[in-house]
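Please open the model in your viewer and keep the selection panel at hand. The tour below goes from one selection to the next and says what is to be found at each stop.

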Amino acid sequence: MPQTSGNNVSSNENNSTQSPMDVNPITMNNNKNNNNNNNRIIGKHNNSNRHIANKHSSSSNNLRSSNNQSPSNRFSQQQQQQQRKDARNDETTTMSTFVPEVREYLFKILVIGELGTGKTSFIKRYVHQYFSQYYRATIGVDFALKVLNWDDNILIRLQLWDIAGQERFGNMTRIYYKEAVGAFLVFDVSAPSSFNAVLKWKHDLDTKVCMADGEPIPCLLLANKCDANKEGIAADPEMLEKFTKENNFCGWYYTSAKENTNIEESAKFLVGKILQRQKHFALEDVADNDDVINLAYHNHGVSKSEKCSC
């Protein structure tokens, strides 16, 4: 029995020490596959590490190249960027703050004629767009102000002086006429006597106020109350045209404050004539400051006493 036991132990020892030829081929193949898989995994890690290293190297190269730029080049680039920014700001500021220059004028305009010809009604209609049949006779002089936006560059303030009809016989008209630049002379188409006094009013006007060169101020004849029946010369437009040319009027209009006929048109015509005359006198001798508009008249070598007594 003891011998049998020893023989079993020795046989187990002999089995545990097998030769290479006795190894199972399947086991060897499995070991090779595991080695190959390990090699592929290691290769992937190496490639990833090389890619990361290349990225860090490229970034550091770019940083070094930007740091290696000379100070003058960096200053030039900054200056160009600032100039472009300033140009954009200037364009925005110019577009938002541009305001066209506006010239302002103040014109004193007389409204003269016989008593009851409708001078006050004409002014009320023109300034306030209002008409009434009940007006008291003007005593002395009355005033009204009208502001005109003539165009985008011109603003005009009109002072309308309503001279009482009976003032032609007084000595105050010289004061009322002073510094006037235009006049409406009104008569009633239904009252021939008011037309007969037109030339007296015109002579009184021309002798008491005139332009710098001695010429009469622009005067527009208004054949007023044209909604009523016309009598005498007022009924003949051709005769009125001839009369105005012979007596140095700048023009004439049929008007009606009641029907609002030619009120705006006649006023615009007279203001246009005044502006034409002002171009010859008001803007010639402007002071060195371009923002100053000199509206004063200037004497161009013609004595006032030669043409009128104003």
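## A tour of the sheet and its cores

Begin by selecting residues 237-246, which form helix α8: in this predicted model, the helix lies across β4, β5 and β6 and runs at about 150° to β6.

Before moving on, show the whole chain as a cartoon, where the secondary structure comes to 10 helices and six strands. Of its 310 residues, 31% count as buried, and the chain exposes about 20,200 Å², of which carbon and sulfur atoms supply 50%. Among contacts between residues at least 6 apart in sequence, 70% join residues at least 24 apart.

**The sheet.** Now colour the six strands, which form an open sheet with mixed pairing, in the order β2-β3-β1-β4-β5-β6. At its edges are β2 (141-151) and β6 (251-254), each of which pairs on one side only. Direction ignored, neighbouring strands of this sheet are turned by 25° against each other on average.

Select β1 (residues 103-113) together with β3 (residues 154-163): the two run parallel and are joined by nine bridges. Within this pair, L110 stands opposite W161 in β3.

**Strand β4.** Next, select residues 182-188, which make up strand β4; seven of its seven residues are buried, so this strand is largely enclosed by the rest of the structure. If you show the side chains, you will find that G182, F184, V186 and D188 point one way and A183, L185 and F187 the other way, all of them buried.

On one pairing, β4 meets β1 in the parallel sense over five bridges, and there L185 is the bridge partner of I112. On another, β4 meets β5 (residues 219-224), again in the parallel sense, over six bridges, with V186 standing opposite L222 in β5.

**A closer look at L185.**

**The nonpolar cores.** Which residues have the most contacts inside the largest nonpolar core? Select F187 and L205, which hold that place in a core of 29 residues. The elements that give two or more residues to this core are β1, β3, α5 (173-177), β4, α7 (198-208), β5, α8 and β6. Around L205, and leaving aside neighbours within four places in sequence, look for contacts with L110, I112, Y177, A183, I217 and C219.

Finally, select F122, Y126, L160 and V186, which are among the members of a second, separate core of 25 residues. As background to this last stop, nonpolar side chains in soluble globular proteins tend to be buried together.

Note on methods. Residues numbered from 1 in each chain as written. Predicted model: local features only at pLDDT ≥ 70, side-chain atom pairs only at ≥ 80, totals over all residues. Heavy atoms only, no water. Helix = DSSP H or I, 4+ residues; strand = E, 2+ residues; numbered from the N terminus. Buried < 20%, exposed > 50% of the residue type's maximum accessible area, 1.4 Å probe, protein only. Contact = heavy atoms within 4.5 Å. Areas by Shrake-Rupley, 256 points an atom, 1.4 Å probe, with all protein chains shown as cover. Pairing = 2+ DSSP bridges. Axes fitted to C-alpha atoms, helices over the stretch in contact; angles between N-to-C directions. Core = buried A, V, L, I, M, F, W, Y, C linked by side-chain atoms within 4.5 Å.
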